[in-house]
Amino acid sequence: MIGKPRAKFQPVTEGSSVTQLELFFDLVIVFAFTMVTDLAADNTSAVNMLRALLVLALMWWLWIAYSWLGNVVRADEGIARVGIFIAMGGAFLAALTIPEAFVDLPGGWYGPLVFAIAYLVVRLVHVVIFWTVSRDDPKLRGQLLRWALGSITVGTALLVIAATTSGLAQILLWLAAIVGDMVWTAVAGTDWRINSAKHFAERYGLIVIVALGESIVSIGIGVAGLPISWPITVASMLGLTVSGLLWWLYFDVAAISMEEGLANAKGAAQIKIAQFSYTYGHFPMIAGVIALSLGLKKVLYYVGDSSHHQLTDPLYGIPLGALYAGPAVFLLAVVGAKYAAVRQFSTARVLVAALLFALIPVAAQLPALVSLGLLCAILAAPVIWETVHYARRRDEIRHA
């Protein structure tokens, strides 16, 4: 006997986990993060760093749209599956075009416009799926309409216009598109839906893992093709340790507390936590890790390249700033996101972040390898302090 066919869409229920298709989608974002790091590493000028940050912000805003969609309808069931694959194609094309998102390369299509159109396609697919699945939820459909009128029509339109310009005008249009989109999302209302706090928190935790994975990839890329040596080995282990310490500072307690705060909140309060602790609060974490990736890539290049004195040449300028400021921004973002979720503030972590900023001029006088070792030691301090000082409370949170 043939069973009743499944519905075209299946809603997400409380306790649901991230689907495999969503993880597959995130692989495109992994590639985008790699391209952003490469864009920043190719030219470490202030203007190019700003361009890399703008591209990262745009790819982040693309991703967060699907994090909310995937919490309402299962991404791997029915028509939603087809939509996700189409969105993956658009996102992948946008990621491929990141090197020429601002300046067209000779030959082929006009890169900036291809990037803008690919981005627009991904956003439109998101709105179409969301509009369809909200047919029985007038409040959600009204929220989507209010948001889309400003976010899609203004944000993406400015990006298409920016593709026809260059220089300062182009950067200002990008800024207007991104900032306008973020501000509009914050003021457009709180009638969104969180069907599963577990799914939502898990999705953002996984994107942090993706970003940390990019920092590890940068270590390998920095010494690709070079013969193994003890400076490369030490630098690689220190870089891996720094990434591991950031993982600890997020996942050991903070991520658990944020998920608990999200799950316990109701109505508009829950939506605000989802927005400010996750959608907005996690972006500086990702930006911080990408900055760290740039710094690690340069350190490994220094210690492995024979044109530099491996044990004496200091890292300097923007790469050094990225190496130290990246983890500092990550720390501050974790503090802010946790506070937005559960109103708990870590003074110790803020002080560590301030110390990292303050030590940048000092690190500029040290060999690159020593600067990396110092960074590792400073990040280890709050991990050790919290593990010992808050041992009982930490155990209660982790094993409740």
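Author: The secondary structure of the protein chain consists of 16 helices and 0 strands; helices (H or I, at least four residues) and strands (E, at least two) are DSSP runs, numbered from the N terminus. This is a predicted model, in which local features need pLDDT of at least 70 and side-chain atom pairs count only at pLDDT 80 or more, while totals for chains, interfaces and linings use all residues. Residues are numbered from 1 along each chain as its sequence is written, and side-chain values use heavy atoms, with hydrogens and water left out.

The overall dimensions come next. The C-alpha trace spans about 70 × 60 × 45 Å along its principal axes. For 400 residues a compact globule would have a radius of gyration near 21 Å, and the 22 Å of the protein chain agrees with this; the radius is taken over C-alpha atoms, and the globule rule is 2.2 Å times the number of residues to the power 0.38. Of the 400 residues, 54% are buried, where buried means under 20% relative accessible area, exposed over 50%, and partly exposed in between (1.4 Å probe, protein chains only). Among contacts with a separation of 6 or more, 81% join residues 24 or more positions apart, a contact being heavy atoms within 4.5 Å. The chain exposes about 17200 Å², of which carbon and sulfur atoms supply 69%; these areas come from the Shrake-Rupley method with a 1.4 Å probe, and for residues only the protein chains shown count as cover.

We turn now to the charges. The protein chain has 25 positive and 23 negative charges, whose mean positions are 9 Å apart. Lys and Arg count as positive and Asp and Glu as negative, with His and the chain ends not counted; the place of a charge is NZ of Lys, CZ of Arg, CG of Asp or CD of Glu. Side chains of opposite charge can pair when their charged atoms come close. The whole structure contains 12 salt bridges, each being a side-chain nitrogen of Lys or Arg within 4 Å of a carboxyl oxygen of Asp or Glu.

One of them joins Glu22 to Arg203, with the closest N and O atoms 3.1 Å apart. Glu22 belongs to helix α1 (residues 20–42) and Arg203 to helix α7 (residues 197–222), so this pair ties together parts that are 181 residues apart in sequence. Glu22 and Arg203 are both buried. A network of salt bridges links Glu22, Asp26 and Arg203.

Lys297 counts as buried at 16% relative accessibility, whereas Asp38, with a relative accessible area of 24%, is partly exposed.

A further salt bridge pairs Arg146 with Asp191, whose closest N and O atoms are 3.5 Å apart. Since Arg146 lies in helix α5 (residues 138–162) and Asp191 in the loop between α6 (167–187) and α7, the pair ties together parts that are 45 residues apart in sequence. Arg146 counts as partly exposed at 34% relative accessibility, and Asp191 counts as partly exposed at 22%.
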